[in-house]
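I opened this structure to take some notes. The entries below follow the order in which I looked things up.

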Amino acid sequence: MFSPTDSANKAKRPRFRAVSAVCVLIAVLVTGNTPADSERIPAGIRERNWAYLTDASFDPAIHAMPSERLFREYSVIALAGFAIGGDGRLVRIPRQAKAVADYATKTGLRYYPVIALSSVRDGVRLLSSDSARARAVVRIIGCIREYATSGVHLDFEYLPPERAPQLAVFIRELRVAVKSHDRSLSVSMALFPQIEFPSRWAGFHDFALLAPLLDEAVLMCYDFHRKGSAPGPVVDVRWAEKNISQALVFFKPENLWLGVPAYGYAWRGSTVEVVSARAGVRQAERFGAVRHKSGTLYFEHTLNRDVRKAYIADTRTRKELDALALKHGLKGTALWRLGLED
């Protein structure tokens, strides 16, 4: 889910200005006020969408417009920033972990800690060691207890394909422990697309092995083009649909979320920068953009005699992806990440 170039700069679907929304979250956490009962998520309805957060989502310099529509478009919030080391210990916890947990408890939102590997090297160490895996399972169960989460969401990426069987062993061990603690808790994972995506990354996520072990999965349909690739769109709607169809060979649609981006990339020579949808839309207005066949915004301009080419996933792009999720009966969309949207 997190690009190798920028693991803290992405986001997922808005029909409202989540810029405003997160500021209210801060206010709620500070004051202890909760939304009215009418704003709580009714029991038994089909879930709305999933929002990924990071500590950067709480930047008050960005989120300056309060709104009571806080998270109205979302029923799941997943906070990234937790990391497991090679010995199985939690080596990083986001600053907002407790605050988000308290808010989720008050409002009835489902809350997942997003647990990543501290590095590829540590991931290999972890998956190769029985004792490290056992320690990691204990630490994750402790995290679930401490933050009263709805389960756990794994973000294990960039290990080589030959480690896929070891990943399945770890998830099986984790699943047994989680379900023994509370059968209602969810074990989920963010997965790379398998079609027209680098096999050296996608191969680690073996859908045939993982589908029977996961209650939910987020199909990360972004980074179609990225640092290290030729200039091009971060997502292509047609490409996303191919990957949805392929994933549905293994996953039930009601267990699958479509990961959607609120960012893009700009190329200038050999330099590639991440551009939030918010900044990208402003730049598109300034430089004149067209709707690319991929569904993204495209614009270019000259900067220091170099042509800068940018492809941005904006609100319209995400609406097209929302329509795909609905068409295929998926559980919903998952926005990477809240705070980057236009």
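I counted ten helices and 14 strands in the protein; helices (H or I, at least four residues) and strands (E, at least two) are DSSP runs, numbered from the N terminus. The model is predicted, so I noted that local features need pLDDT of at least 70, side-chain atom pairs count only at pLDDT 80 or more, and totals for chains, interfaces and linings use all residues. Residues are numbered from 1 along each chain as its sequence is written, and side-chain values use heavy atoms, with hydrogens and water left out.

I looked up burial next. Of the 342 residues, 56% count as buried, meaning under 20% relative accessible area with a 1.4 Å probe, protein chains only.

I then turned to D55. I found D55 in the loop between β1 (49-53) and β2 (74-84). Is D55 buried or exposed? D55 counts as buried because its relative accessibility is 17%. Leaving out residues up to four places away in sequence, D55 touches L79, P94, R95 and Q96; a contact means heavy atoms within 4.5 Å. The D55 side chain reaches the backbone nitrogen of R95 at 2.8 Å and that of Q96 at 3.0 Å.

My last entry is on helix α2, residues 97-107. Its buried residues are A97, V100, A101, Y103, A104 and T107. They lie on the same side of α2, because they cover an arc of only 165 degrees around the axis, taken from the directions from the helix axis to the C-beta atoms. After α2 comes G108, with a positive phi near 85 degrees.

Key
Buried means under 20% relative accessible area, exposed over 50%, partly exposed in between (1.4 Å probe, protein chains only). A polar contact is a pair of N or O atoms within 3.5 Å; within protein, one must be able to donate a hydrogen and the other to accept it, and residues adjacent in sequence count only if both atoms are side-chain atoms.
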